[in-house]
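Here's a quick tour of the aromatic rings in this one. Have the sequence and the 3D view open as you read.

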Amino acid sequence: MEQLQCHVKQYAWGKYGEESEVARLFADGHDNFQIDNKTPYAELWMGTHPDGPAQLKKCSTRLSTYLAKHPSLLTNNNSAKNIHLPFIMKVMSIRTTLSLQVHPTKEQARRLHELDPINYPDRNHKPELAYALTRFELLCGFRPAREILKNLQTFPSFRLLFGGDTYAKPLEDSILEEKKMGVVNQESRKCLENCFRFMMDPDRSDVHNLVSKLLLELDNGLRGAIEEGTAGVIRKMSVDFPNDIGIFSPLFLNHMILEPGQCCYYAAEELHAYLSGECVECVGCSNNTIRAAMTPKYIDRDALCSVLNYKMTEQKDYLVPEMKLTPCVDMYAPDCKDFQLHRIRVGTEHTSKEMLMPTLDCASILVVVSGKGTIEEATQENQLIGKYEVKRGDIFYIPPKHNVRFLECSEALEGYRTFSYEMGPDHDTRLVTPVSKSTINEKMLKLEADMEAPTTVVNKTPTAVVKV
Ligand SMILES: [Zn+2]
């Protein structure tokens, strides 16, 4: 296995300085890194994606280059300069709402990339899994139809936002009809799409008034299908994103509150936004995102409205159950080939047999988030390769078929290991699709207006500096 140096993203929505688990964890695993209390530390990236590539600690070689030079089951392309893992594992520290967004399917991602490689730099899709390290809140997927109906009938501002008698009424009628017949049909989805498209009309001028009206309705005690905590989320959004259409989103999206250890997953076509807390996130190795609201970034309304599935879903459908594999390892396996997650918890009481990790036929990345211990690595034939002292903050690449086991742990240890049996995407051909100069100029102007543009910070140790 190889110890990795990874990247921290300083997006504006991250927690500041020492308050950020991302900053604290990064500092514990990367020498000479100084936490700046005025800087937001949002995401720690652990993977090969070119926007935040990991490198080997011992020599600063990119992990993707190392994988290309050490062909294994991962590669069937011996001439590639880089071999990518199909996933990125991240730790996230969220202070304020991320943009309301959706990710395309593989097919949609390929099409969007061909049409607009600047805003959609990857051909790959980006399913997402979030495992709560602390209490973690997000909006995810349209609420069940009965809750959307209740909110339309409770909040006049929301009903107007959704098109009043022209668009909201047909949705209400369709939901009531479905309820009466006891069946779910496509009609309600179509009506919801009409409401959503009306809401997203860029020319509408009544959002400011409708937001004021909604806040007044909340002050007057109207709640509909929302909990008290959700009213608080709406009020906070109205401060963080004044007059943004996204302030209404908790009325039509599920507000999920995950306790530590709970995990949720959503694939493409689901509208979502992270609200607060810290999580381990697994995503497809891609950066393709279509944004809807609460962002200064590019909002592609046409792509957004046509990608959404408009399914009205119960919260429990997004939860991923934990499966006990060994006394020390639990697995989270969503319906997705791009990643699976192991949670590893080794206590000082565990026997050496219990501390054996499952051997994986594929590559994986391990991050230690607490504790200290010793790991032994061996080949499939049980030939010893090495022993490593590991502690909080350490991140490792583990090659396919290597056996790893904890020999002992001096402090109870917790770690997360992400893996996948898929081939990773080919990022060597990123941004090669020809586009006309005028298109590029237009897109660049849009990008320049992007105040939230990601910046990357790397370890200040000279050997760790990466040219991105
Ligand atoms: Zn997302």
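## The aromatic cluster

Phe142, Phe158, Phe162, Phe196, Phe252 and Tyr310 make up one aromatic cluster. Keep in mind that this is a predicted model, where local features need pLDDT of at least 70, side-chain atom pairs count only at pLDDT 80 or more, and totals for chains, interfaces and linings use all residues. Residues are numbered from 1 along each chain as its sequence is written, and side-chain values use heavy atoms, with hydrogens and water left out.

## Ring pairs

Rings of Phe, Tyr and Trp (its six-membered ring) pair if their centres lie within 6.5 Å; planes under 30 degrees apart count as stacked, over 60 as edge-to-face and the rest as tilted. That rule gives 19 aromatic pairs. One of them is phenylalanine 26 with phenylalanine 33, edge-to-face at 4.7 Å centre to centre and 90° between the planes. Both phenylalanine 26 and phenylalanine 33 are buried (under 20% relative accessible area; exposed is over 50%, partly exposed in between, with a 1.4 Å probe and protein chains only).

Then take tyrosine 167 and phenylalanine 198: their ring centres are 5.3 Å apart with planes at 40°, so this pair is tilted. It ties together distant parts of the chain, with tyrosine 167 in helix α6 (residues 164–181) and phenylalanine 198 in helix α7 (residues 186–199), 31 residues apart. Helices here are DSSP runs (H or I, at least four residues), numbered from the N terminus. Tyrosine 167 counts as partly exposed because its relative accessibility is 31%; phenylalanine 198, at 29%, also counts as partly exposed.

## Charges over rings

A charge sits over a ring if NZ of Lys or CZ of Arg is within 6 Å of the ring centre and within 35 degrees of the ring normal. Lysine 9 has its charged end over the ring of tryptophan 45, 4.6 Å from the centre. Over the face of tyrosine 11 you'll find lysine 297, at 5.6 Å from the ring centre.

Conventions:
Helix = DSSP H or I, 4+ residues; strand = E, 2+ residues; numbered from the N terminus.
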